[in-house]
Amino acid sequence: MPEITYRRAAKEDAGAIAGLERVCFPDDSWSEGMILEEIENDSAAFIVAEDGEKIVGCAMAWMIAPYECQIGTIEVLPEYRRMGIAINFMQKLMKISRLLGIWDILLEVRVSNAPAIALYESLGFVRDGIRKNYYPGGEDACNMSLHMPRPEEGFL
Ligand SMILES: CC(C)(COP(=O)(O)OP(=O)(O)OC[C@H]1O[C@@H](n2cnc3c(N)ncnc32)[C@H](O)[C@@H]1OP(=O)(O)O)[C@@H](O)C(=O)NCCC(=O)NCCS
């Protein structure tokens with residue numbers, strides 16, 4: 001099992017992340033410019049996973065304090081999947097959210113994306129409904145959310 005490390009994305013990572021996007025989302029990948037914009041966005045948390053110096057996954061979320069964390073992307077190279085990298089990303093984003101006083105996490109996922117839906121459900125996300133024709137090509141999105149308990153709701 002490779003030793004995976006995690007860090008905040010830097011501007012210099014934009015090209016490598018764009019390559020990751022083309023592998024993980026061949027039909028609707030973000031451009032290098034879009035990625036750079038989010039790395040520089042103070043309201044976004046952008047994390048990469050590395051095997052040595054090779055970026056093997058990334059995750060990004062918009063932190064809209066105090067209301068919600070909106071997951072923007074989460075992706076792992078095929079040969080690094082099922083090693084717990086996405087779970088680690090989600091747990092890090094959940095921790096950042098709590099530190100910012102954000103208790104609700106929202107996301108959209110293609111209705112056909114069984115691996116991602118299984119990932120989110122394993123963390124306690126629930127399905128809130130369907131957004132018709134959400135993706136390029138017309139696929140529907142499944143809206144999912146996680147409400148993390150506040151301290152007064154039994155978090156501590
Ligand atoms: C979805 C994705 C990010 C998961 O990444 P990953 O690092 O392989 O996920 P993890 O190893 O952390 O998996 C955690 C749990 O999610 C579920 N899961 C992940 N992949 C799964 C699969 N192919 N089939 C069924 N369950 C799966 C399992 O419950 C898994 O736990 P387990 O391995 O102990 O059974 C990855 O498949 C990916 O990059 N897909 C392409 C991009 C994408 O679709 N991103 C999500 C957009 S909303």
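Reader: Which helices and strands each supply at least two residues of the shell around the ligand?

Author: In this predicted model, they are strand S4 (68-76), helix H3 (85-99) and helix H4 (114-122). H4 gives the most, with five residues.

Reader: What makes a residue part of that shell?

Author: Its C-beta atom, placed from the backbone, has to lie within 6 Å of the molecule. In this model 18 residues surround the ligand, and Arg81, Ala86, Pro115, Ala118 and Leu119 are the closest.

Reader: How do the residues of the shell divide into nonpolar, polar and charged?

Author: Twelve are nonpolar, three are polar and three are charged.

Reader: How do you know what span is expected for H3?

Author: The rule is 1.5 Å times one less than the number of residues. H3 has 15 residues, and the expected 21 Å is close to the 21 Å from its first C-alpha to its last.

Reader: Why are the buried residues of H3 said to line one face of the helix?

Author: Seen down the axis of H3, they fall within an arc of 135°, so they line one face. These buried residues are Ile85, Ala86, Phe89, Met90, Leu93 and Ser97. To be called buried, a residue needs 20 or more other C-beta atoms within 10 Å of its own. Among the elements they pack against are S4 and H4.

Reader: Which residues on the other side of H3 are exposed?

Author: Ile87, Gln91, Lys95 and Leu99 are exposed there; that word calls for 12 or fewer such neighbours.

Terms used. Residues are numbered from 1 along each chain as its sequence is written. This is a predicted model: local features need pLDDT of at least 70, side-chain atom pairs count only at pLDDT 80 or more; totals for chains, interfaces and linings use all residues. Helices (H or I, at least four residues) and strands (E, at least two) are DSSP runs, numbered from the N terminus. Ala, Val, Leu, Ile, Met, Phe, Trp, Tyr, Cys and Pro count as nonpolar, Asp, Glu, Lys and Arg as charged, and the others, Gly among them, as polar. The arc is that of the directions from the helix axis to the C-beta atoms. Two residues are in contact if their C-beta atoms, placed from the backbone, lie within 7 Å.
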